[in-house]
Every structure is written in structure tokens, then in C-alpha cells.
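I opened this one to see how the chain is put together and what holds its inside. These are my notes, in the order I looked.

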Amino acid sequence: MTDWDLMTEYIHNAMHVVEKAHTASRQLRENANPETFDNFRAQMQELIENLTKLQTVLDNQEAFAVDELTDWLSKAFTGK
């Protein structure tokens, strides 16, 4: 998997987790109880973890871009 693929996967995963967290927040508003609160907290923790991964990639995007460029140049010149 290339760095670009990794970055797009992290973005996709974060978007999916945002949807899950939104659903959990709606369920908590509609039916506040310990179970929906625990589910909301779990979804928020998953969101934090996914956004942290994405932030790491974004903080190092120059390194990712250089690696990707190096791979492309290598393929262009060697055909591999």
C-alpha cells in the first residue's frame, strides 16, 4: 500500500467513524441511559483514535509526498 493509499484510507475510515459517532449521539439524545452513553463514549474514543492517525499522516505529509515521489520516479526509470 502506498502512502497516498494509506492517507486516503485514514480519511475514509475517519469519515465512517464520524457517521457512527453521529448515530451514537442521536441515540443518546433520544434515549439517554447507561448503555447509550457507553456506546457514545466508545464511538467517540474510536473517532479520537482515527483522527489521531489522520493527524499523524497530515503532520508528516511532506515525508509521505517525498516517499511517493521517490516511488513514482523509481517506477518511471526502472519500470519496477
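Reminder to myself: I am working from a predicted model.

Fold first. I counted three helices and zero strands. Reading from the N terminus, I get α-α-α. I then checked the radius of gyration, which is 18 Å against the 12 Å that the globule rule gives for 80 residues; that is well over, so I have the protein down as more spread out than a compact globule. The box around the C-alpha atoms, taken along the principal axes, is roughly 60 × 20 × 10 Å.

Contacts next. I took those with a separation of 6 or more, and 61% of them join residues 24 or more positions apart.

Surface. I got an accessible area of about 6,100 Å², with carbon and sulfur atoms holding 58% of it. I also looked up burial: 21% of the 80 residues count as buried.

Charges. There are 7 positive and 14 negative ones, and I find their mean positions 5 Å apart.

Which residues make up the largest nonpolar core? I listed five: Met 7, Tyr 10, Ala 14, Leu 54 and Val 57. Helix H1 (3-30) and helix H2 (34-59) each put at least two residues into this core, and H1 gives the most, with three.

Last, I picked Tyr 10 out of that core. What does Tyr 10 touch, leaving aside residues up to four places away in sequence? I noted Lys 53, Leu 54 and Val 57. Of these, Leu 54 and Val 57 are also on my core list.

Definitions and conventions: Residues are numbered from 1 along each chain as its sequence is written. This is a predicted model: local features need pLDDT of at least 70, side-chain atom pairs count only at pLDDT 80 or more; totals for chains, interfaces and linings use all residues. Side-chain values use heavy atoms; hydrogens and water are left out. Helices (H or I, at least four residues) and strands (E, at least two) are DSSP runs, numbered from the N terminus. The radius of gyration is taken over C-alpha atoms; the globule rule is 2.2 Å times the number of residues to the power 0.38. Buried means under 20% relative accessible area, exposed over 50%, partly exposed in between (1.4 Å probe, protein chains only). Contact means heavy atoms within 4.5 Å. Accessible areas come from the Shrake-Rupley method with a 1.4 Å probe; for residues, only the protein chains shown count as cover. Lys and Arg count as positive and Asp and Glu as negative; His and the chain ends are not counted. The place of a charge is taken as NZ of Lys, CZ of Arg, CG of Asp or CD of Glu. A nonpolar core is a set of buried Ala, Val, Leu, Ile, Met, Phe, Trp, Tyr and Cys residues joined through side-chain atoms within 4.5 Å.
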